[in-house]
Protein chains: 2
Amino acid sequence: MARGSQTRQRIMDVAQEAVLDKGFDATSIDEIVANAEITKSGFFYHFRDKNALARALIERHIEIEDALFDDLFERARELSDDPLQQLLIGLKLLAELLSDIPGGHPGCIVATAAYQDRLFDNEVREANRRAVLGWRSRFRDMLETVQQTYPMNEQVSLDHLADMFSVVIEGGLVMARAVNDPRLTEQQVLLLRSYLNLLFSPASRSN
Amino acid sequence: MARGSQTRQRIMDVAQEAVLDKGFDATSIDEIVANAEITKSGFFYHFRDKNALARALIERHIEIEDALFDDLFERARELSDDPLQQLLIGLKLLAELLSDIPGGHPGCIVATAAYQDRLFDNEVREANRRAVLGWRSRFRDMLETVQQTYPMNEQVSLDHLADMFSVVIEGGLVMARAVNDPRLTEQQVLLLRSYLNLLFSPASRSN
DNA sequence: TTCAGAACCGCACTGGTGGTACAGTACCTT
DNA sequence: AAGGTACTGTACCACCAGTGCGGTTCTGAA
């Protein structure tokens, strides 16, 4: 890796840690600069302003999260051939992953961005929007496959249902913070799993 | 109303509008002061610092929201004697209410507070926590009543299920912001309704 | 070996913002 | 008339995002 992008990477690492810990606006550039062992001029050489940093962080975060989901449902596919079981196993794996994070939930940058709308520029909000829509189509695809084998017990929109994955994860992270209970998100993901099970399972059965 | 608390109220009104529109930290005291037609000294007479304002806003918001929930489920009780139907009707009314808000979602102060942890002091976070726990016990009570008549089709924790109300609402508001679709929250509340229906209904039926 | 350009450093400065300090004043009640 | 409540006015401080710009170091291609 070139010298330049190494520094850029280091700035982002330092920034991400601080942002997840205490929020974007509570993280000063001076602080990032100090921890990344660089000067303010150096920072502004790599990022036009704080918005550019936010955008870079969000985009990187999305890539990592996408790769994580890919991995997770790939493993689920290895464990079962049934599309519904794949989905249920994937959610179980996700719940485990959320509980395994040491020191609790790191929080989600997407939510941070969404709730500080005016603090960010259009590009940041667009990156955020793209990420969320990406998740929607990802989960929608999986749900469609499930539906082909298992008719729904109650008619609901697949798009809305796909959004529910994000809603439960994001909402779970927010609430986990609010009550200071890192396990809350995991529990909520399992409830979503329970819903999907009831929605698609032919007979009412517990597992 | 005394002259003092009138001014205090006006400050909070002006602040709330700005905060819901663009976030807490993006709202400057100078701006509030200008719109409330008061001086900076006047502001700091009523609020020790910006944290005190945040706390007051959250506490007032919680009261309003609690009253709103009381009202909503009171109406639901008038419409049906069956505890499950009361819950389902209440959620339907909530969804309608969320879609009726002109100009889309106002956003939720609780989430804002949760995601800017370090920006606020302990008192603010405590107020936030109390609010969320209040909702938990509110919905938990309702779910317990339902469970006495309708055994669950799948065993899940009532506490977690109670939290899911808040999770779906908060998560819905976050996602609605992220994709700029005000109807998203409403749709998600209806999905929660669908889940509860499947979870408690004796036979699988649509309604 | 040279040399252009990328990747920084150093430093001074601006404007906005949260917050303090404190003296003075209008108003209202007793 | 007195005293508290509810402010106003002014001056000030520290911190932070961001700008400007000249200077320096490193690196790879010619």
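Which residue has a side-chain oxygen that reaches the backbone nitrogen of Asn51(A) at the start of helix 4 of chain A? In this predicted model, the residue is Asp49(A), whose side-chain oxygen comes to within 3.2 Å of that nitrogen. Helix 4 itself covers residues 50-79 of chain A. At 1.5 Å a residue, its 30 residues should span 44 Å, and because the end C-alpha atoms are 44 Å apart, the model agrees with that expectation.

Chain A as a whole comprises nine helices and zero strands. Of its 207 residues, 56% count as buried. Among contacts between residues at least 6 apart in sequence, 68% join residues at least 24 apart. The accessible surface of chain A is about 9,300 Å², and carbon and sulfur atoms account for 47% of that area.

The surface near DNA strand D draws on both protein chains. At least two residues each come from helix 2 (29-35) and helix 3 (40-46) of chain A, and from helix 1 (3-22) and helix 3 (40-46) of chain B. Helix 3 of chain B gives the most, with four residues. By class, this surface has four nonpolar, eight polar and six charged residues.

| Residue | Protein atom | Distance to phosphate oxygen of DNA strand D |
|---|---|---|
| Lys50(A) | backbone N or O | 2.9 Å |
| Thr7(B) | polar side-chain atom | 2.9 Å |
| His46(B) | side-chain N or O | 3.0 Å |

Methods
Residues are numbered from 1 along each chain as its sequence is written. Chains are lettered from A and ligands numbered from 1 in the order in which they are written. This is a predicted model: local features need pLDDT of at least 70, side-chain atom pairs count only at pLDDT 80 or more; totals for chains, interfaces and linings use all residues. Side-chain values use heavy atoms; hydrogens and water are left out. The expected span of a helix is 1.5 Å times one less than its number of residues. A polar contact is a pair of N or O atoms within 3.5 Å; within protein, one must be able to donate a hydrogen and the other to accept it, and residues adjacent in sequence count only if both atoms are side-chain atoms. Buried means under 20% relative accessible area, exposed over 50%, partly exposed in between (1.4 Å probe, protein chains only). Contact means heavy atoms within 4.5 Å. Accessible areas come from the Shrake-Rupley method with a 1.4 Å probe; for residues, only the protein chains shown count as cover. Ala, Val, Leu, Ile, Met, Phe, Trp, Tyr, Cys and Pro count as nonpolar, Asp, Glu, Lys and Arg as charged, and the others, Gly among them, as polar.
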